[in-house]
Amino acid sequence: MAAENFERGTIKNVGNCYLWRLEIRGFSAESPLIKTFIEGIISTWKLYLERKKFYVKLISANISDSQFTVSISTNDFSISGEISTKESNKYHYLGDTPFLRALPMEVMFEISVKYKDEKVIFEEVLPISKIKKDLAKLLTDEKFSDVTLVGRGGMQFRAHKNILSARSEVFAAMFDNEFLENKANSVSIDDIDGEVLQEMLNYIYTEEIVSKELAADLYVAADKYALVDLQSLCESILTQTMDIYSVADILLLAERTSNERLKRNALQFISKNIVAVMETASWKRLQALDHNLCIDVLSKTIKAICNDEQISDIECFE
């Protein structure tokens with residue numbers, strides 16, 4: 001049924017009836033949603049008028065099997081019909097109006113329950129999980145902490161051995177054996193900056209990261225402590241934010257961590273932007289740190305150009 005050239009008008013509740021004030025200016029009109037509560041049944045309806053023909057649609061009801069009696073009336077006419085919940089989400093023809101009075105006009109919609117199944121479908125209310133919020137609070141509250149992590153630069157963070165062990169097999173092995181760190185209840189992490197260590201801890205406790213700018217350093221930290229999910233998240237961020245200024249650094253990172261997927265993505269990007277990439281500081285760093293990798297990149301790029309092909313498209317990261 002067409003639903004064009006209509007004005008919705010307004011709905012006003014009058015007891016168990018609903019008054020629809022039409023402001024129709026074309027050939028058809030559709031009412032706003034009408035929400036009813038009768039005999040414990042919550043239902044939602046719509047009315048539709050098209051060229052003097054009245055239709056009604058049951059959109060939803062919180063009961064699986066019931067039947068309603070509905071009627072539409074004005075001062076000049078009255079029509080009625082029966083609708084079952086099994087016939088919901090489609091318009092039902094009730095009848096024609098004898099004529100349309102001068103507009104705007106008011107239509108009374110009345111509904112009653114003819115039959116209902118006593119098995120009412122109540123809306124399921126799911127509790128909102130607070131575990132991330134609670135664990136984030138635990139991380140900032142030193143009351144029950146039992147280990148100190150010290151990052152490069154001397155920044156210290158209090159944490160909990162059981163949570164670190166549950167999230168990282170590297171921490172678990174460290175605290176499960178007679179390591180000095182386990183006895184001293186202190187872990188020195190000299191190769192990770194304090195702000196990166198803080199982000200890593202935040203992820204361990206909440207599975208969220210605050211700063212995407214630290215994705216490359218977080219990737220390295222996640223690799224060290226076997227935080228596979230964090231490593232995957234950082235890889236996704238690096239792939240999505242890759243540009244001519246960062247791609248050489250990302251390529252070197254992928255090479256050093258043996259991540260073939262990230263490496264292929266970086267190579268594909270470089271092959272399409274080789275001239276611009278070679279002018280960047282990151283490319284110059286790559287030349288200084290891994291000259292052989294630069295030669296390998298140029299070789300693959302030249303081969304792709306000569307063969308009139310490109311390295312396969314960037315993989316969709318899931």
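Author: Buried here means under 20% relative accessible area, exposed means over 50%, and partly exposed lies in between. The model is predicted.

Reader: Which residues of helix 7 are buried?

Author: In helix 7, the buried residues are Leu230, Gln231, Cys234, Glu235, Ser236, Ile237, Leu238 and Thr239. Cys234 counts as buried because its relative accessibility is 0%.

Reader: What do the buried residues of helix 7 pack against?

Author: Packing is read from contacts, that is, heavy atoms within 4.5 Å. The partners of these buried residues are helix 5 (194-206), helix 6, helix 8 (247-256) and helix 9 (260-272).

Reader: How many helices and strands does the chain have?

Author: The chain has 12 helices and 13 strands. Of its 318 residues, 41% count as buried. The accessible surface is about 18300 Å², and carbon and sulfur atoms account for 50% of that surface. Among contacts between residues at least 6 apart in sequence, 56% join residues at least 24 apart.

Reader: How many disulfides does the structure hold?

Author: A disulfide is a covalent bond between the sulfur atoms of two cysteines. The structure holds zero disulfides. Cys294, at a relative accessible area of 3%, is buried.

Reader: How many aromatic pairs are found in the whole structure?

Author: A search of the whole structure gives six. In one of them, Tyr48 and Tyr55, the ring centres are 6.4 Å apart and the planes meet at 65°, so the pair is edge-to-face. The cut-off behind that label is an angle over 60 degrees. Tyr48 is buried at 1% relative accessible area, and Tyr55 is buried at 15%.

Phe171 and Tyr225 give another case: the ring centres are 4.5 Å apart and the planes are at 10°, so this pair is stacked. The pair links distant parts of the chain, with Phe171 in helix 3 (residues 169-176) and Tyr225 in the loop between helix 6 (215-224) and helix 7 (228-240), 54 residues apart. Phe171 is buried at 0%, and Tyr225 is buried at 3%.

Reader: Which residues form one aromatic cluster?

Author: Tyr48, Tyr55, Tyr91 and Tyr93 form one cluster.

Reader: How many salt bridges does the structure hold?

Author: The structure holds seven salt bridges. One of them joins Arg167 and Glu207, whose closest N and O atoms are 3.5 Å apart. Arg167 lies in helix 2 (residues 161-167) and Glu207 in the loop between helix 5 and helix 6, so the pair ties together parts that are 40 residues apart in sequence. Arg167 is partly exposed at 29%, and Glu207 is partly exposed at 42%.

Reader: Where do Asp191 and Lys224 lie?

Author: The side chains of Asp191 and Lys224 meet in a salt bridge at 2.8 Å, N to O. This pair links distant parts of the chain: Asp191 is in strand 13 (residues 186-193) and Lys224 in helix 6, 33 residues apart. Asp191 is partly exposed at 44%, and Lys224 is partly exposed at 36%.

Reader: Which helices hold Arg285 and Asp249?

Author: Arg285 and Asp249 form a salt bridge at 2.6 Å, N to O. Arg285 is in helix 11 (residues 281-289) and Asp249 in helix 8, so the pair ties together parts 36 residues apart in sequence. Arg285 is partly exposed at 40%, and Asp249 is partly exposed at 30%.

Notes. Residues numbered from 1 in each chain as written. Predicted model: local features only at pLDDT ≥ 70, side-chain atom pairs only at ≥ 80, totals over all residues. Heavy atoms only, no water. Helix = DSSP H or I, 4+ residues; strand = E, 2+ residues; numbered from the N terminus. Buried < 20%, exposed > 50% of the residue type's maximum accessible area, 1.4 Å probe, protein only. Areas by Shrake-Rupley, 256 points an atom, 1.4 Å probe, with all protein chains shown as cover. Disulfide = S-S within 2.5 Å. Phe/Tyr/Trp six-rings, centres within 6.5 Å; stacked < 30°, edge-to-face > 60°. Salt bridge = Lys/Arg side-chain N within 4 Å of Asp/Glu carboxyl O.
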